Amino acid sequence: MRPLQQLIDAKPATVSVEPEDTVLQALTLLAQFDIGALLVLDQGRLVGIFSERDYARKVILKGKASKDTLVREVMSDKVSCVTPAQTVEECMALMTERRIRHLPVLGPQSEVLGIISIGDLVKEMISHQKFTIEQLVHYIQN
């Protein structure tokens, strides 16, 4: 399987919001980029993550208005992160254990390198398995 760094490098630029942005602004970005979560950055430093799940549970179910609620009020501030040195399998295990769908990837100085989703990891695992199957078929046929 490809290293996590290669997965991050192959993705488009990470989309983020600031804690003082409104939930409506965050939702607009989620829809515009067809993604499920945004990193919340304060002066370039990761301070949280805002996801569709946060919106559903902390805004809609509590009767709050998206245009009046700030991201900082509903974001998840206890964020599990990984480094580019970690494997796809380690990331999958962490996501499964913590019941999360997105992991920020941080560099050596805690700088944000990107974000990976469960979908990114599943796609990589399927690609790897497909390659392995093709190699085995080729081996058996020759």
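Which residue takes a positive phi near 60 degrees in the hairpin of β4 and β5? The residue is Ser-110, and the hairpin that holds this residue has 5 residues between the strands. The points below set this detail within the rest of the chain, which is a predicted model.

1. Overall make-up. The chain has 6 helices and 5 strands, and, when these elements are read along the sequence, they follow the pattern α-β-α-β-β-α-α-α-β-β-α. The C-alpha trace spans about 65 × 35 × 30 Å along its principal axes. Of the 142 residues, 37% count as buried, while the chain as a whole exposes about 8900 Å², with carbon and sulfur atoms supplying 53% of that area. Among contacts with a separation of 6 or more, 51% come from residues 24 or more positions apart.

2. The hairpin. Strand β4, residues 102-106, and strand β5, residues 112-117, run antiparallel and are joined by 5 bridges. As one of the paired positions, Leu-103 has Ile-116 in β5 as its bridge partner. The positive phi of Ser-110, near 60 degrees, belongs to this hairpin of β4 and β5.

3. Strand β1 runs parallel to β2 (residues 37-42), to which 2 bridges join it, and Val-17 has Val-40 in β2 as its bridge partner.

4. The largest nonpolar core. This core has 14 residues, and those with the most contacts inside it are Val-17, Ala-26, Leu-38, Val-40, Phe-50 and Val-71. At least two of its residues are supplied by each of α2 (23-33), β2, β3 and α4 (71-74), and the largest share, 4 residues, comes from α2.

5. Val-17 in detail. Which residues does Val-17 contact, leaving aside its neighbours within four places in sequence? They are Ala-26, Leu-29, Leu-38, Leu-39, Val-40, Leu-41 and Val-71. Val-40 in this list is also the bridge partner of Val-17 in β2, and both Val-17 and Val-40 are among the residues with the most contacts inside the largest nonpolar core.

6. The surface of helix α6. Tyr-139 lies in helix α6, which covers residues 118-141, and Tyr-139 counts as exposed because its relative accessible area is 65%, where the cut-off is over 50%. Together with Leu-136 and Ile-140, Tyr-139 forms a nonpolar patch on the surface, and the accessible area of these residues together is about 400 Å².

Terms used
Residues are numbered from 1 along each chain as its sequence is written. This is a predicted model: local features need pLDDT of at least 70, side-chain atom pairs count only at pLDDT 80 or more; totals for chains, interfaces and linings use all residues. Side-chain values use heavy atoms; hydrogens and water are left out. Two strands pair if DSSP finds at least two bridges between them. Patches are made of residues with over 30% relative accessible area and no salt bridge: like charges are joined within 9 Å, nonpolar side chains (Val, Leu, Ile, Met, Phe, Trp, Tyr) within 5 Å. Accessible areas come from the Shrake-Rupley method with a 1.4 Å probe; for residues, only the protein chains shown count as cover. A salt bridge is a side-chain nitrogen of Lys or Arg within 4 Å of a carboxyl oxygen of Asp or Glu. Buried means under 20% relative accessible area, exposed over 50%, partly exposed in between (1.4 Å probe, protein chains only). Contact means heavy atoms within 4.5 Å. A nonpolar core is a set of buried Ala, Val, Leu, Ile, Met, Phe, Trp, Tyr and Cys residues joined through side-chain atoms within 4.5 Å.
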